[in-house]
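I opened the notebook to look up a few contacts and surface features. The entries follow in the order I made them.

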Amino acid sequence: MLRNGLEPWHLLILAVVVIALFGSKKLPDTARALGKSARILKSEAKAMKDDEAR
């Protein structure tokens, strides 16, 4: 069933569901918040790795 992983139509269905759940007006804000969270997580993980090395 999941032998080939994600097909392009899976991503299309996922995009439609996300737009239906969040609405097109909230998507840019949600994406921006997700990007900020990812940057914070990345910087914290790097800081932990640097502290571990010392």
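I started with arginine 32 and aspartate 29, which sit three residues apart in helix 2 (residues 27–53) and so are separated by about one helical turn. Helices here are DSSP runs of H or I with at least four residues, and strands are runs of E with at least two, numbered from the N terminus.

I noted that this is a predicted model, where local features need pLDDT of at least 70, side-chain atom pairs count only at pLDDT 80 or more, and totals for chains, interfaces and linings use all residues. Residues are numbered from 1 along each chain as its sequence is written, and side-chain values use heavy atoms, with hydrogens and water left out.

How far apart are the closest N and O atoms of arginine 32 and aspartate 29? I found 2.9 Å, and the pair forms a salt bridge (a side-chain nitrogen of Lys or Arg within 4 Å of a carboxyl oxygen of Asp or Glu). My search of the whole structure gave one salt bridge.

Next I looked up accessibility (buried is under 20% relative accessible area, exposed over 50%, partly exposed in between, with a 1.4 Å probe and protein chains only). Arginine 32 is partly exposed at 48%, and aspartate 29 is partly exposed at 47%.

I then turned to helix 1 (residues 8–22), where phenylalanine 22 lies. Phenylalanine 22 has a relative accessible area of 41% and is partly exposed. Histidine 10 is also in helix 1, and is partly exposed at 26%.
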